[in-house]
Amino acid sequence: ALRLGQILEDQALHLSVGTQSIQQRLREALTRALGGKPTFLLIDGVWGGGKTHALTLLQALAREQHMATGGAVMDGVAVTLSDPMQLMERVVTSFRIPGDASDEGLGHLLRTAKMEAKSAGLRASGAHEVADALDRLPPRAFDDPEGLQCIEDYFTFALSTTQVVIKLRLLGYEGCAPPILRPRSVEERPRAFAALLKCWAHTLAVMGARGLVVVLDELDVEYASTAYSSRASWGLRARRRALLEQIGKMSKQNAPLLIAFASAPAGPDAASENDAVEDVRDAIGTGVIHIKAANPCEEDLKQLLARLSALYETAYPEKSLGLSGQRMSSLFAGLHARYRRTPNPVPRQFVRTALEAFDLLTVGEKSFIDVRQLLEASG
């Protein structure tokens, strides 16, 4: 994962340096959400500068608090804020629920809620849409893999009510009449998205989690895809804005929900509607918590190198880097000098270069002097 510039959730806290302030703000945001106040985060920073790392930290901290997590990476085509129905499908099918059922998926959650007659509790907590739907779906369908898949698709907006009724009838389940979750009108879809997402937060709280954290990453990719003076781009921007405004209205409601957005800022000449950071702040309002990705100092990077070397030797126990004392200091000096020579130094580059140096010392069978010379020669 680190070679790809990513970090695993279970290593996020250990490999984080210079993030004390960010972690404090993330914990405060989670506490607010756990208190029933829908909370919105906006994390921004340059490519490779720590946005996704901060989101992974958020997810790790959320898991510590026994919260469910889910999310999506915006690609501007298949997953966008302009299409709330597809976005809901991606978010809900990515749910990770703490406890023994964490790997069972949405179907297991729905079947458990149906078999254990959770509707009354769901309705009392505010999850009316899920409770009403569960009551009006045939119990036998939850024990049928094909039937359960239809029900999953219905709850993620992948199927309309009419479509799920037809499919269940073909499977032999007559007479079911579930309520409408997915609206036909495009104008109604942002409101339906916000309502169902709030409902999922309540549902997960009843089903064993303490709340829900939703992470929406790479917003800058989507915004770049609609930054054109065309009728199509104008329409997509308008739909995206409508969804963001509906999400913002959730701040006045009650739900154990946190939504985190992440984006790189646009260029200085970009209009605010084409800059994800500015547009999210404007659409959601003053309630959004704006966090800048951390920029580690030299001492932070020294700590990071030591932790990376320890992790490397854990991952490859047959390899010994032999880095201690002067050798570690010398390697860091070479890595840091190369890091500072790059036009826009970001932590991701430092991590990748450190791993490459470790590989040269082990698999590449280069001497320590050879590696130092390579670092001094590269730029």
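This is a predicted model: local features need pLDDT of at least 70, side-chain atom pairs count only at pLDDT 80 or more; totals for chains, interfaces and linings use all residues.
**Close-up views of cavities, cores and loops**

View 1. The residues around the largest cavity divide into 14 nonpolar, nine polar and three charged. In total, 26 residues line the largest cavity, and G50, H53, P347, R348 and V351 are the ones nearest its centre. The space inside comes to about 430 Å³. Three helices, α3 (51-64), α14 (298-315) and α16 (347-361), each supply at least two lining residues. Of the elements, α3 gives the most, with five residues.

**View 2. The second largest cavity has a volume of about 50 Å³.** Sorted by class, they come out as three nonpolar, three polar and one charged.

**View 3. The largest nonpolar core gathers 70 residues.** Those with the most contacts inside this core are L87, F155, W200, L212, L216 and F261. Helix α10 (residues 189-206) brings the largest share, nine residues. Zooming in on F261 and leaving aside its neighbours within four places in sequence, you will find F261 in contact with L41, L42, I43, L216, L219, L244, I247, V280 and I284. Another core, of 49 residues, lies apart from the largest one and includes L2, M67, L355 and L375. In soluble globular proteins, nonpolar side chains tend to be buried together.

**View 4. Y312 and F358 form an edge-to-face pair.** The structure holds seven aromatic pairs. In this one the ring centres of Y312 and F358 are 5.2 Å apart and the planes stand at 65°, an angle over 60°, so the pair counts as edge-to-face. The pair links distant parts of the chain, with Y312 in helix α14 and F358 in helix α16, 46 residues apart. Y312 and F358 are both buried. Elsewhere, F95, Y154, F155 and W200 come together in one aromatic cluster.

**View 5. F157 and E218 both have a positive phi.** Most residues other than glycine have a negative phi, and most peptide bonds are trans. For F157, phi is near 75°; for E218, phi is near 60°. F157 sits in the loop between α8 (145-155) and α9 (161-170), while E218 is found in the loop between β3 (212-217) and α11 (219-225). Are these residues buried or partly exposed? F157 has a relative accessible area of 1% and is therefore buried, whereas E218, at 26%, is partly exposed.

**View 6. N254 sits in the loop between α12 (231-249) and β4 (257-263).** Its relative accessibility of 48% makes N254 partly exposed. Which residues does N254 contact, leaving aside its neighbours within four places in sequence? They are G36, P38, K198 and H202. For a sense of scale, N254 and E298 are 44 residues apart along the chain, and their C-alpha atoms are separated by 43 Å.

Conventions: Residues are numbered from 1 along each chain as its sequence is written. Side-chain values use heavy atoms; hydrogens and water are left out. On a 1 Å grid over the protein atoms alone, a cavity is a set of points where a 1.4 Å probe fits but cannot get out, and a pocket is an open set with protein on both sides within 12 Å along at least five of seven lines; lining residues have an atom within 4 Å of a point. Grid points are joined across faces, edges and corners, and a volume is the space filled by probe spheres set on the points. Helices (H or I, at least four residues) and strands (E, at least two) are DSSP runs, numbered from the N terminus. Ala, Val, Leu, Ile, Met, Phe, Trp, Tyr, Cys and Pro count as nonpolar, Asp, Glu, Lys and Arg as charged, and the others, Gly among them, as polar. Buried means under 20% relative accessible area, exposed over 50%, partly exposed in between (1.4 Å probe, protein chains only). Contact means heavy atoms within 4.5 Å. A nonpolar core is a set of buried Ala, Val, Leu, Ile, Met, Phe, Trp, Tyr and Cys residues joined through side-chain atoms within 4.5 Å. Rings of Phe, Tyr and Trp (its six-membered ring) pair if their centres lie within 6.5 Å; planes under 30 degrees apart count as stacked, over 60 as edge-to-face and the rest as tilted.
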